[in-house]
Structure formats: structure tokens, C-alpha cells
Amino acid sequence: NDHISRVTALCWSPNNKRLAAATSDRVVHLFDELGEKKDKFSTKPADAKGPKNYMVTGMAFSPDSSKLAVAQSDNIVFIYKLGVEWGEKKSICNKFLQSNAGVTCLTWPLEQPNELVFGLTDGTVKVGIVRSNKGQKLYSTDSYVTTLCSSPDGHAVLSGHVDGSIWRFSFDDSG
């Protein structure tokens, strides 16, 4: 029940063992399944020497609950390796820098352990390919992406946009 700053993003781990809460001071607080604060870490700006004037806009745990993707308004998604046990060393293992659009939201589909999906202020929805550290456009719209969610089976995502549209993307699992 420690007081934390204004919350900007929340997510549960798929194994239900952790809750992550990002705050307006750009700190990620980690809680156990009973709500006890166990750990915290400061996020990093896209430009290591740049100002810390960004906001955490979304978070998602990897399907195996060992990593946490953090979307930021300074045009980047970082993936932090947390490990599966409390107290393991945290490190940035991937980053997806976007050239000219802020990252607004993200989701990590359960059946896509090497692909996370993120939305941008310019209406683009991209997939971050973890193995290659490369981003790839899934589709573009003319409207700011406000939210993303994964289907329960992990084979599709929905994106919601500021103009009221909802788009669906299905991952091709035919090989």
C-alpha cells in the first residue's frame, strides 16, 4: 500500500505472479500476486543523453512472463529482461526506436512470443520482431492508435483509433 505517483500504465504477467505499474515519474513498480511491492526500476529515455520528458504509454509482459515491454512517448519501445524470480538483474534486451512517431500503446499476443505489436501517433501499427530487433509495419491508418489488445487465443490483435475505427489483424500461422 505504498503511495506511488500518478499511474500511466498497468499490466499483469500471463503467469499471474506479477503486476507492473508505471508512474508519471517514469518508474516501473513491480508487485506480487498479493499486491506487495517487490521491486522497482527507472525507465530510460530513447536518447541516453536527452531529457527525461517522456511518458510511459503502455506495457505488456512477454508470454513467458520473463520480460516486460515498455512503450514510451519519446518514440521507443524497450524490452526489459526481468527474469522469473524476484531479485534477478534487470537489463534492456531489445529496443524498437521509431523515427518520427510516438508509441501510444502495445500488446504482446500469447501465441507470438517473439513478436510484440505497438501503435503509433501517426496511425501505424507495427510488430517488433524480438529475435532480429527490427520493427515491421503491419498496417497504416490515417488515425492515431489509441489502444491495442490481443485475442484470447493469441492469434490476432485489434487496434482502436481516435476516429472511432477498429482494425483487426490476424497472424498467419500457416507457416
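Predicted model: local features only at pLDDT ≥ 70, side-chain atom pairs only at ≥ 80, totals over all residues.
Residues are numbered from 1 along each chain as its sequence is written, and side-chain values use heavy atoms, with hydrogens and water left out. Helices (H or I, at least four residues) and strands (E, at least two) are DSSP runs, numbered from the N terminus.

**Nonpolar cores**

- A nonpolar core is a set of buried Ala, Val, Leu, Ile, Met, Phe, Trp, Tyr and Cys residues joined through side-chain atoms within 4.5 Å. Buried means under 20% relative accessible area, exposed over 50%, and partly exposed in between (1.4 Å probe, protein chains only).
- The largest nonpolar core has 16 residues, of which Ala20, Val28, Met59 and Leu68 touch the most other members.
- Two or more residues of this core come from each of β1 (7-12), β2 (18-23), β3 (27-32), β5 (56-61), β6 (67-72) and β7 (76-81).
- Leaving aside residues up to four places away in sequence, Val28 touches Ala20, Ala21, Ala22, Asp39, Lys40, Phe41, Thr43, Met59 and Leu68; contact here means heavy atoms within 4.5 Å.
- Another core, of 14 residues, lies apart from the largest one and includes Ala60, Ala101, Leu106 and Phe118.

**Four-stranded sheet**

- Four strands form an open sheet in the order β5-β6-β7-β8, with antiparallel pairing. Two strands pair if DSSP finds at least two bridges between them.
- The edges are β5 and β8 (91-97), each with a single partner strand, so one side of each has no neighbour in the sheet.
- On average, neighbouring strands of this sheet are turned by 20 degrees against each other, direction ignored. The axes are lines fitted to C-alpha atoms, for helices over the stretch in contact, and angles run from 0 to 180 degrees between N-to-C directions.
- The antiparallel strands β5 and β6 are joined by five bridges, and Val56 stands opposite Gln72 in β6.

**Aromatic pairs**

- Six aromatic pairs are found in a search of the whole structure. Rings of Phe, Tyr and Trp (its six-membered ring) pair if their centres lie within 6.5 Å; planes under 30 degrees apart count as stacked, over 60 as edge-to-face and the rest as tilted.
- Tyr139 and Trp167 form a stacked pair, at 5.6 Å centre to centre and 15 degrees between the planes.
- This pair links distant parts of the chain, with Tyr139 in strand β12 (residues 134-140) and Trp167 in strand β15 (residues 166-170), 28 residues apart.
- Tyr139 is buried at 11% relative accessible area, whereas Trp167 is partly exposed at 35%.
- The ring centres of Phe169 and Phe171 are 5.3 Å apart and their planes stand at 90 degrees, so this pair is edge-to-face.
- Phe169 is partly exposed at 22% relative accessibility, and Phe171 is buried with a relative accessible area of 10%.
- One aromatic cluster is formed by Tyr139, Trp167, Phe169 and Phe171.

**Charges over rings**

- The charged end of Arg18 sits over the ring of Trp86, 4.5 Å from its centre. The criterion is NZ of Lys or CZ of Arg within 6 Å of the ring centre and within 35 degrees of the ring normal.
- Arg26 lies over the face of Tyr54, 5.5 Å from the ring centre.

**Positive phi**

- Asn16, in the loop between β1 and β2, has a positive phi near 60 degrees.
- Asn133, in the loop between β11 (124-129) and β12, has a positive phi near 60 degrees and is partly exposed at 34% relative accessibility.
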